[in-house]
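Student: I'd like to learn how to read a model with several chains. Could you walk me through it?

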Amino acid sequence: MHDEIDPRSPVPLYEQIAARVRVAVAAEEYRAGDALPSVRQLSSTLRVNPSTVVQAYRDLERDGFVETRHGAGTYVRAVAAEVREEERIRRARELVRKLLAEAARFGIGAAEIGRALAEETGVASHE
Amino acid sequence: MRSEMTQMLRLQWQSSRWLLLVLAVICIGLPQASVRLALWVGGDDVLASGRLLAQLGSTSGLYPFLAAITGALVALTAWNWDHRTGHVYALSLPVSRTQYALLKLWAGAVVMLVPVLAIWAGAWIATAMTTLPSGLRAYPFAFGARFLLAALLVYATVFALASGTIRTTLIVTGVFCVLFIGGSIAVPWIESQFGVDLISPTQVLGEAFTSWPGPFRVFGGSWLLIDV
Amino acid sequence: MSEAIEVRGLSYRAGRSFELRDVSLTVPRGSIYGFLGPNGAGKTTTIRVLLGMTRRDGGDVRLLGHSIPGELPGALARIGYVPERPHVYPSLTVADALRCHAAFHHRWDGVWAEQLRRQFELPLDRRVGRLSKGESGKLLMLLALAQRPELLILDEPTDGLDPMVRRDVLTALLDYVSETGATVFISSHLVHELERMCSWVGVLDHGRMVAELPIDVLKSGIKKIRLTDTPVNGHHPPFEVLSRGRDAFETETWVVRGWSDPMVQYFDTAGATVREVVDLDLEEVFVELLRSGREVTS
């Protein structure tokens with residue numbers, strides 16, 4: 001996990017870290033039983049406050065993505081296919097939301113975006 | 001405290017070892033030179049002792065001077081590194097300022113044993129193998145002890161002065177110089193104007209160092225290595 | 001448990017123009033506290049006063065519960081200090097410097113010190129005075145960390161260091177903090193770097209504290225609003241206006257504090273539409289705070 005965390009984003013750092021793990025699980029980069037980097041490792045690699053990593057892992061555990069084994073680290077749990085699917089959908093919507101917000105700044109509407117999307121992906125859009 | 005004491009000793013050694021080497025060489029060499037010269041001047045006849053003592057006496061003034069220089073320079077090298085770096089490191093250490101100063105005082109006094117032992121060795125070497133004219137004896141131990149005491153006194157004084165900032169050291173020395181020089185000028189003038197007899201500052205200083213009761217008396221008295 | 005650093009009403013004067021006035025700050029245990037301020041604000045002086053190196057004129061200082069200067073040696077034994085400029089004697093070699101520091105700090109971890117030395121690639125026989133800036137920076141951090149302190153007070157530890165060295169130094173620091181939960185008080189004018197690490201931020205400007213907040217609160221509370229026109233308003237806005245102006249493209253831009261989305265209404269009634277609400281990064285927040293000279297407290 002070497003993605004750079006963006007301190008400028010409105011999303012809190014711990015949420016960015018947790019989201020990254022969630023996406024990795026959804027895309028099966030992390031499989032069930034894989035070990036996540038230790039808090040110590042991750043905080044120094046990303047150069048963030050260790051408490052940030054602790055919080056991210058805590059949130060992930062609460063949401064059922066990982067489990068912490070006492071003294072042995074944090075491991076990815078087996079996550080049902082539906083949950084992974086859900087996560088992918090959530091990310092897609094987030095990306096779209098960002099795209100639409102940005103487009104709005106230039107006065108570009110959703111319809112124009114739809115057309116551009118169709119052109120880019122070569123898929124006919126359904127009316 | 002043991003690790004701190006050892007470390008301070010190490011620091012003192014590192015900052016003053018070249019000085020100590022030079023002083024040691026002088027301390028071993030000077031007695032050789034002055035004794036040999038005195039013996040040669042003394043000669044072999046009945047009046048040998050008298051001449052020897054007179055000759056020795058004329059060079060004996062070097063030793064208190066050497067002792068003072070030793071004490072002063074060792075004291076200065078004790079504080080040199082701290083002054084240069086603005087004392088930040090010393091102030092960041094987990095010892096009180098008093099403790100720190102005492103550690104330094106101890107370390108400087110210990111390394112001063114090098115020139116002191118050198119002068120004692122020099123005195124002993126200079127007199128052990130020679131035949132002295134009748135009636136004279138050598139006193140290397142007393143000589144060495146006097147040197148040690150004198151050096152320690154000057155060391156302690158300069159150490160105390162140097163422990164302040166460079167500014168306070170300069171101020172104190174400056175005030176002292178002004179008083180002394182000023183006194184040396186003012187006193188004779190007052191004496192001539194008013195026809196009174198005042199004591200001169202030079203006299204006061206000289207007497208203070210050599211005869212008033214107290215530790216500085218060591219600078220007066222006999223610095224003769226060989227005596228009756 | 002007491003705070004790591006508690007300062008109340010600190011005042012200090014030097015010469016005619018420089019002073020620290022009524023400086024108060026609190027550094028919670030286990031936090032990473034960023035002490036920000038422009039050059040010349042008084043950060044280094046504040047740190048020197050905290051550590052009892054310079055005598056203050058007034059106020060209270062406590063470090064790890066010890067009052068300063070009364071219990072200074074006890075406090076210093078538990079505090080690792082990295083000064084702005086190397087303070088170790090330049091004539092010593094790296095090996096000597098390590099030995100010296102170890103002799104005075106009884107919790108020195110020799111094994112870890114050697115590990116860090118190798119990691120930082122510091123040659124044992126090089127004189128401290130001959131080290132490059134990067135090597136000095138690494139040595140100072142090494143000395144402070146190998147002491148195993150409970151509190152680290154770092155004065156611009158990465159200033160003038162190239163990015164690789166900066167990374168090495170901060171990584172070692174964070175590694176230590178993860179392991180021990182030590183508190184860090186780090187001053188810097190390089191805001192970006194601190195942004196990722198700090199949980200608290202204190203801002204000093206011209207000798208006075210301008211803000212002291214948890215970092216999330218500081219950032220989330222302050223937003224930049226881009227508007228379509230200049231509002232013509234009658235009433236008092238529901239938020240605090242830190243600054244108003246025009247950006248590079250002549251768009252009316254306000255920087256406000258205490259914003260929440262429903263407040264868009266305020267602009268609607270004032271004849272201007274909100275085009276965009278932007279989150280500021282810490283550096284921009286910092287600049288706005290200083291410019292507005294406003295006191296921000298949580």
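Tutor: Gladly! Let's start with contact: two residues are in contact if their C-beta atoms, placed from the backbone, lie within 7 Å. By that rule chain A and chain B do not touch, and their nearest C-alpha atoms are 27 Å apart. One note on provenance: this is a predicted model, where local features need pLDDT of at least 70, side-chain atom pairs count only at pLDDT 80 or more, and totals for chains, interfaces and linings use all residues. Residues are numbered from 1 along each chain as its sequence is written, while chains are lettered from A and ligands numbered from 1 in the order in which they are written.

Student: Which chains share the most contacts?

Tutor: Of the two pairs of chains in contact, that is chains A and C. Here 19 residues of chain C meet 16 residues of chain A. To say where they sit, we use DSSP runs numbered from the N terminus: helices (H or I, at least four residues) and strands (E, at least two). On the side of chain C that touches chain A, α6 (163-180), α7 (191-197) and β14 (274-279) of chain C each give two or more residues. The biggest share comes from α6(C), with seven residues.

Student: How confident is the predictor in chain A, by mean pLDDT?

Tutor: pLDDT is the predictor's confidence in each residue, from 0 to 100. For chain A the mean is 84, and 94% of its residues reach 70 or more.

Student: How many helices and strands does chain C have?

Tutor: Chain C has ten helices and 15 strands. Its C-alpha trace spans about 70 × 40 × 40 Å along its principal axes.

Student: How do I read a sheet?

Tutor: Look for pairing: two strands pair if DSSP finds at least two bridges between them. Chain C has an open sheet of four strands in the order β2-β1-β4-β5, with antiparallel pairing. Its edge strands, β2 (18-27) and β5 (66-67) of chain C, each pair on one side only. Two bridges join β4 (residues 58-63) of chain C to β5(C), and C:Leu63 stands opposite C:His66 in β5(C).

Student: And what about the faces of a strand?

Tutor: In a regular strand the side chains alternate between the two faces of the sheet. To judge cover, call a residue buried if 20 or more other C-beta atoms lie within 10 Å of its own, exposed if 12 or fewer, and partly exposed in between, with C-beta atoms placed from the backbone. In strand β6 (residues 79-82) of chain C both faces are covered: C:Ile79 and C:Tyr81 are buried on one side, C:Gly80 and C:Val82 on the other. β6(C) pairs in the parallel sense with strand β7 (residues 151-155) of chain C over four bridges, and C:Gly80 has C:Leu152 as its bridge partner there.

Student: Which residues touch the most other members of the largest nonpolar core?

Tutor: A nonpolar core is a set of buried Ala, Val, Leu, Ile, Met, Phe, Trp, Tyr and Cys residues joined through C-beta atoms within 7 Å. The largest has 159 residues, and B:Ala151, B:Tyr155, C:Val184 and C:Phe185 touch the most other members. Helix α7 (residues 140-162) of chain B gives the most to this core, with eleven residues. Not counting residues up to four places away in sequence, C:Val184 touches C:Ile32, C:Tyr33, C:Leu152, C:Leu154, C:Leu173 and C:Val177.
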